[in-house]
Amino acid sequence: MSATIAAWRRWTLLAALFGIGLVWVAAFALFRAHGEDYLAAHFADVARDRARMPAPALPLVLTFGPGRTGARLLGDGWTEPADDGVWSFARRAMVYLRWPAARGERWLTFEGEAFIPGRRGQHVRLYADGALVGEWFADRNSTVVRGSARLVAPPRDGVVELVIEVDEIASPFSIGSGKDTRPLGFHLRTIELRDLPPGSPPPP
């Protein structure tokens with residue numbers, strides 16, 4: 001009888017361990033399937049909440065070094081900020097800005113550097129709340145991008161989502177141009193937002 005009970009306990013323990021293993025496998029598969037979407041949504045929510053600060057005075061100039069205001073407004077798709085700015089590690093990277101309280105159009109300017117995979121050029125696109133507002137091209141001879149776009153409609157919740165998109169990302173190590181193994185897309189240095197009264201020409 002005692003041998004039967006001992007065997008039953010062993011089988012029960014094995015079944016329990018097998019069940020726990022299945023739960024872990026299922027949880028891991030669920031995370032692989034939805035974890036990245038959850039993290040992206042989390043970063044977006046945090047940055048959007050931070051952007052709901054009192055409406056800024058214009059002109060607004062943001063930089064993206066550690067501890068700077070701009071770094072607090074970064075959503076998903078960015079590496080850790082450095083003194084000279086922040087690199088995107090994904091094709092699409094988000095920034096959230098509080099829309100100024102005064103009425104009127106806005107003129108947005110951003111500046112940075114595109115990472116060029118090999119000899120191919122790189123398109124850099126800017127979206128504001130899902131709408132494409134500008135596209136620029138960089139190549140190995142001219143990697144710096146200074147883009148400007150007119151923003152017309154204020155966002156419904158007072159915060160505009162900017163998306164900077166590149167054609168592709170790659171690491172310097174993967175193309176033999178350095179030891180950095182991080183996938184890189186666009187190096188964002190500054191964003192400026194200025195008032196643009198109706199009928200006025202865009203700033204230079």
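Predicted model: local features only at pLDDT ≥ 70, side-chain atom pairs only at ≥ 80, totals over all residues.
**Exercise 1. Which residues does Leu-188 touch, not counting residues up to four places away in sequence?**

Residues are numbered from 1 along each chain as its sequence is written, and side-chain values use heavy atoms, with hydrogens and water left out.

*Solution.* 
- Step 1: Take contact to mean heavy atoms within 4.5 Å.
- Step 2: Leaving out residues up to four places away in sequence, Leu-188 touches Phe-64, Trp-78, Gly-85, Val-86, Val-95, Phe-110, Glu-111, Gly-112 and Ile-164.
- Step 3: Now place Leu-188 in its core. A nonpolar core is a set of buried Ala, Val, Leu, Ile, Met, Phe, Trp, Tyr and Cys residues joined through side-chain atoms within 4.5 Å. Buried means under 20% relative accessible area, exposed over 50%, and partly exposed in between (1.4 Å probe, protein chains only). The largest such core has 31 residues, and Leu-188, Val-95 and Phe-110 are those with the most contacts inside it.
- Step 4: Strands supplying at least two residues each to this core include β3 (92-98), β4 (105-114), β8 (159-166) and β9 (186-196). Strands (E, at least two residues) are DSSP runs, numbered from the N terminus.

**Exercise 2. Find the salt-bridge partner of Asp-195 and describe the surroundings of both residues.**

*Solution.* 
- Step 1: Recall that side chains of opposite charge can pair when their charged atoms come close. A salt bridge is a side-chain nitrogen of Lys or Arg within 4 Å of a carboxyl oxygen of Asp or Glu.
- Step 2: Asp-195 forms a salt bridge with Arg-106, with the closest N and O atoms 2.9 Å apart. Asp-195 belongs to strand β9 and Arg-106 to strand β4, 89 residues apart, so the pair links distant parts of the chain.
- Step 3: Compare accessibility. Arg-106 is buried, at 0% relative accessible area, whereas Asp-195 is partly exposed, at 39%.
- Step 4: Look around Arg-106. Among the residues it touches are Leu-58, Trp-99, Pro-100, Leu-151 and Leu-193.

**Exercise 3. Is strand β8 enclosed or open, and why?**

*Solution.* 
- Step 1: Eight of the eight residues of β8 are buried, so this strand is largely enclosed by the rest of the structure.
- Step 2: Val-159, Glu-161, Val-163 and Glu-165 point one way, and Val-160, Leu-162, Ile-164 and Val-166 the other.
- Step 3: Check the neighbours, remembering that two strands pair if DSSP finds at least two bridges between them. β8 pairs in the antiparallel sense with β3 over seven bridges and with β5 over five bridges.
- Step 4: Opposite Glu-161 stands Tyr-96, and opposite Glu-165 stands Arg-125.

Methods. Helix = DSSP H or I, 4+ residues; strand = E, 2+ residues; numbered from the N terminus.
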